[in-house]
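Dear colleague,

Please read the notes with the coordinates open beside them.

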Amino acid sequence: MNSLRSALLCVLVIGCGPAASAEPETPASTSVVFVGNAAVRARLERLPAPPRPWSTVAASLTPDDFVELCPYLTANVHLEGGTVTCPDGSTGTISEHVCNPVEMSATARGLPCAISWGEIVACRLAMVEHPCDGGPVGENLEECHAFDACTCIGPDSP
């Protein structure tokens, strides 16, 4: 189930309605602007400055943007997968993701809300660190609240 998220993972959308049209953010500045709740900001503060601002709306990222982002993601966001045995005996799975700029851009454009790429990265990092504690799709992790709201996945989902 953890394969539902990553740095721009495949999105399962249930009853969220059409995608919002996001205006592209100009990537001229690489100054660090932290977004999201306190848990998201704390996660992102630990990382080196990204090639695009954390606040960039994920849906505005083009394949060319991902050509630039992929080395950063590979070096800093743990795209490798794995399986762990949780204390209760269940299995936690972390999906592996290959940086494919065209696919990642298409997935990002398909998101039904204006979530930032920084919020997606923070959620992925939280799920990698807590594969047993986050719930089947990370709904128990504060870093994933914006993603849950965006995809209609989470504890309050129908």
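In what follows, helices (H or I, at least four residues) and strands (E, at least two) are DSSP runs, numbered from the N terminus. Please keep in mind throughout that this is a predicted model.

With that naming, His78 lies in the loop between H2 and strand S1 (82-85). The phi of His78 is near 55°, a positive value in a residue other than glycine. Most residues other than glycine have a negative phi. Because the relative accessibility of His78 is 36%, this residue counts as partly exposed.

As for the chain as a whole, it has five helices and two strands, which follow the pattern α-α-β-β-α-α-α when read along the sequence. Of the 158 residues in the chain, 45% are buried, and the accessible surface comes to about 7500 Å², with 56% of it belonging to carbon and sulfur atoms. Among contacts between residues at least 6 apart in sequence, 70% join residues at least 24 apart.

The helix pair that I looked at is H2 (residues 63-76) and H3 (residues 101-109), whose axes are 8 Å apart and which pack at an angle of about 110°. Since angles of 65 to 115 degrees count as roughly perpendicular, H2 and H3 are therefore roughly perpendicular to each other. On the H2 side, Pro63, Phe66, Val67, Cys70 and Leu73 take part, and they meet Pro101, Val102, Met104, Ser105, Ala108 and Arg109 in H3. By class, this contact of H2 with H3 has nine nonpolar residues, one polar and one charged.

Key: Residues are numbered from 1 along each chain as its sequence is written. This is a predicted model: local features need pLDDT of at least 70, side-chain atom pairs count only at pLDDT 80 or more; totals for chains, interfaces and linings use all residues. Side-chain values use heavy atoms; hydrogens and water are left out. Axes are lines fitted to C-alpha atoms, for helices over the stretch in contact, and angles run from 0 to 180 degrees between N-to-C directions. Angles under 35 degrees count as roughly parallel, over 145 as roughly antiparallel, 65 to 115 as roughly perpendicular and the rest as oblique. Contact means heavy atoms within 4.5 Å. Ala, Val, Leu, Ile, Met, Phe, Trp, Tyr, Cys and Pro count as nonpolar, Asp, Glu, Lys and Arg as charged, and the others, Gly among them, as polar. Buried means under 20% relative accessible area, exposed over 50%, partly exposed in between (1.4 Å probe, protein chains only). Accessible areas come from the Shrake-Rupley method with a 1.4 Å probe; for residues, only the protein chains shown count as cover.
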